[in-house]
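Open the model in a viewer and keep the selection panel at hand. The stops below go from one element to the next.

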Amino acid sequence: MSAVESRLAELGLTLPEVVPPLAAYQPAVRSGAYVYTSGQLPMVEGKLPVTGKVGAEVTAEEAKDLARTCALNALAAVKSVTGDLDRIARVVKVVGFVASAPDFTGQPGVVNGASELLGEVLGDKGVHARSAVGVAVLPLDAPVEVEVQVELTEA
């Protein structure tokens, strides 16, 4: 078991299976020393646990937990192309999309769920640049979607 997966276990988490694509794309693609994930929904065992807009049907705290799940799914996607999460040199960028009610402005707090998980799991390697964007709707009426870019160590 990799050091990263051992840390996940210490946190009571396990790396899930990679979420299958919903359309014509790959969950993650490697280009040189970088891995780019596609947007990861908060799927748990193939299903969205909650749907709707944050600030309406979904609370900000629920959405923050969902963003955490998105980050965990992103790590699974990274592992699918690297074979080993210990190859992560650092998380470079996180982009979070929050399906928001018209008056909801707490997108940064929601996306903190993903950022905090990456920090807990990867330590200093998990510190990253980030965008948190409010959107009208996401695929399958998901409340949150997160994509991650990581830099790898040399093999």
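How many bridges join strand 3 to strand 4? Select residues 88-99 for strand 3 and residues 129-135 for strand 4: 7 bridges join these parallel strands. Helices (H or I, at least four residues) and strands (E, at least two) are DSSP runs, numbered from the N terminus.

This is a predicted model, in which local features need pLDDT of at least 70 and side-chain atom pairs count only at pLDDT 80 or more, while totals for chains, interfaces and linings use all residues. Residues are numbered from 1 along each chain as its sequence is written, and side-chain values use heavy atoms, with hydrogens and water left out.

Angles run from 0 to 180 degrees between N-to-C directions, and axes are lines fitted to C-alpha atoms, for helices over the stretch in contact.

Next, select residues 107-122, helix 3, which with strand 3 and strand 4 makes a right-handed β-α-β unit. Right-handed here means that, with the strands pointing away from the viewer, the path from the first strand over the helix to the second runs clockwise.

Finish with helix 1, residues 3-10. Helix 1 and helix 3 pack with axes 8 Å apart, at an angle of about 115 degrees, and are therefore roughly perpendicular (65 to 115 degrees). Val4, Arg7 and Leu8 of helix 1 meet Glu120, Val121 and Leu122 of helix 3, contact being heavy atoms within 4.5 Å.

Key
Two strands pair if DSSP finds at least two bridges between them. Angles under 35 degrees count as roughly parallel, over 145 as roughly antiparallel, 65 to 115 as roughly perpendicular and the rest as oblique.
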